[in-house]
Amino acid sequence: MKNYEIYTHVEDIEKLKKLNLESIDGVYLGDPTCIEYPGNLANPKNITLLKEAVNYLKEKGKKAFLVSLAEPRNSDLKLLFEFIENLQGIDADGFEAHNMGAIRLIRNTLNIPIHVGFYANIYTHETVNLLSKYNAKVFYLNPELSLDEILFIKAHTNSEIAVFAHGKLPLGISEACFIKEELDKECSKCNSVILTAGKWKLKNVGKGTFSAKDWCTIEYLGTFLENGFRIFYINGLREDAIYINTLSEIYKNALEAINNGVKNYIKAEWIEKILLLSEYGVANGYLFKEAGYKYVGRCFYEEAINTSTGRKH
Amino acid sequence: MKDLKDLELIAPVSCINDVLVLSDSKATAFYAGLYGWSRASRHNELDGDELKEAIEIAKERSKRFYISFNLIPGPLELNQAKKVLENMFLFKPDAFIVTDIGIIKFIRENGFEVHASLGCTSINKEDVRFLMEIGAKRVVLSPHLDMENIKDIAKEINPANLEVMIWGTRCKMSIMGICRISSYFDLEEKPIGTRYSVWEGSPKRSGICFKSCAQFELDPYTCSELYSPKELFKIGIRYFKMGGRGMKPQYLKNLIEGMYEELRDLYSCRRY
């Protein structure tokens with residue numbers, strides 16, 4: 001029996017159908033940063049598409065997770081409640097929530113495991129254990145936590161702690177949409193934009209701000225597996241299907257190699273592919289008590305890390 | 001303040017002198033951060049001895065006093081956080097202002113009143129209900145709510161459980177409490193006071209945001225009157241928090257007096 005699963009996010013059904021699901025075990029259906037994103041499966045108006053998406057995944061033997069808005073106001077909670085009431089016949093495996101109020105609402109109205117997302121600010125095992133009483137089963141910890149803190153939390157809870165394996169770091173959510181307000185674009189043309197200040201870059205996706213660099217834990221998967229982590233997450237939000245397909249295959253092969261006892265499991269071709277996809281470089285600084293943008297490891301040369309503070313081996 | 005007896009104007013204090021100056025103002029409560037454990041800058045916090053003295057002065061002047069313990073401890077320092085809190089319990093503050101939900105529960109279990117901090121990012125009525133369920137008596141609403149949202153919450157939640165920051169900072173880049181932009185660019189682990197690790201650069205873990213987003217020319221902050229006290233008063237809100245830690249107490253006193261006068265005119269004429 002496999003001792004790991006790989007999960008990702010898609011915003012809409014078009015992207016879902018472009019995924020190669022061989023390397024993916026579960027998909028979060030919807031964008032939690034903005035309900036208005038075109039075709040967003042987290043939007044109650046798109047429930048027919050959501051049903052189709054869930055059925056599509058279940059037919060292929062994969063897990064389907066519902067998604068709620070990360071920062072819901074009262075009016076959004078009302079929509080969430082109506083959304084839940086229309087979920088009959090949808091056989092989802094979990095419901096992602098980033099907000100305590102949404103967690104409470106979902107717990108009170110639906111019998112479904114809750115996955116607590118990145119914006120919920122989970123920093124300690126006591127918070128994990130408290131929220132497990134609200135039917136929360138899977139936790140995405142705050143990415144600021146160091147590796148030893150993550151391992152400590154895992155050792156002090158029975159809940160599932162997901163590993164943020166790869167992708168843009170979610171750094172914040174704003175009230176206003178940067179793309180609509182600063183760039184004067186309509187929702188139908190929603191895309192992402194790279195903000196630049198000298199050597200520093202951020203990726204803005206409207207209401208969400210992500211890192212421009214890809215968080216990358218390829219060198220540390222062994223540590224996570226041997227400490228009992230089972231869920232490995234690749235952030236697919238605002239990335240194309242090629243990105244998700246390539247990275248999920250790499251991480252699946254890496255995890256398989258580790259399970260098969262391969263000591264130097266990282267292949268040069270994987271590093272090349274990661275560098276091709278991670279246009280602005282890779283990062284994992286938080287794991288080592290450094291600023292998030294930094295990278296600590298052996299596989300990526302300094303020029304590929306894209307900062308003058310990256311380490312070279 | 002017999003004509004506005006339910007009103008609480010809560011002022012920040014950063015040293016004993018602030019307490020002494022503001023004791024003569026219309027502020028009815030003070031809050032101060034415990035050194036190393038609050039969202040204030042380190043030089044705006046009070047150590048244990050200072051807090052003890054500040055609480056005693058406040059009690060003598062019939063003012064309430066809240067200790068801010070609203071940074072999030074790391075998982076490895078939870079036991080230390082609880083030991084520090086147990087020392088604070090001896091000072092008998094009127095309440096603690098807290099962000100971490102495990103700490104909210106711990107303080108409540110020890111019989112003290114808890115106010116859920118701004119850092120809890122309470123933006124809807126279910127957030128408030130959740131925090132009250134785990135032990136908060138009062139919830140400070142997020143400054144990112146507009147008046148309509150606050151009215152909506154106050155319709156369904158007893159306003160006696162709600163507090164609003166009426167003067168302070170609102171960040172445009174990210175909703176307060178969930179931003180990691182600063183720590184993404186700059187993060188430094190340091191021991192501070194009784195704290196094992198303060199992570200400067202992470203607002204939730206150290207209170208210190210380096211405002212890295214400003215380099216992107218995004219005009220990230222506003223600092224001003226966030227809400228009209230009159231409008232809040234009309235919908236039943238009675239607990240008003242002032243930001244401005246580190247501001248000279250005389251300026252803060254003037255702000256408080258001005259707001260009190262506004263509210264007194266409203267109350268005495270029954271214009272709501």
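The dialogue below treats the interface and then chain B.

Modeller: This is a predicted model, in which local features need pLDDT of at least 70 and side-chain atom pairs count only at pLDDT 80 or more, while totals for chains, interfaces and linings use all residues. Residues are numbered from 1 along each chain as its sequence is written, chains are lettered from A and ligands numbered from 1 in the order in which they are written, and side-chain values use heavy atoms, without hydrogens and water.

Colleague: How many residues does each chain bring to the contact?

Modeller: Contact means heavy atoms within 4.5 Å. Here chain A brings 55 residues and chain B 49 residues.

Colleague: How many salt bridges cross the interface of chain A and chain B?

Modeller: A salt bridge is a side-chain nitrogen of Lys or Arg within 4 Å of a carboxyl oxygen of Asp or Glu. The rule finds six across this interface. A:Glu126 pairs in this way with B:Lys82, their closest N and O atoms lying 2.6 Å apart.

Colleague: What does the radius of gyration tell us about chain B?

Modeller: The radius is taken over C-alpha atoms, and the globule rule is 2.2 Å times the number of residues to the power 0.38. For the 272 residues of chain B the rule gives 19 Å and the radius is 18 Å, close to it, so chain B is as compact as a globular protein of that length. The C-alpha trace of chain B spans about 55 × 45 × 35 Å along its principal axes.

Colleague: What share of chain B is buried?

Modeller: Buried means under 20% relative accessible area (1.4 Å probe, protein chains only). In chain B, 62% of the 272 residues are buried.

Definitions and conventions:
Buried < 20%, exposed > 50% of the residue type's maximum accessible area, 1.4 Å probe, protein only.
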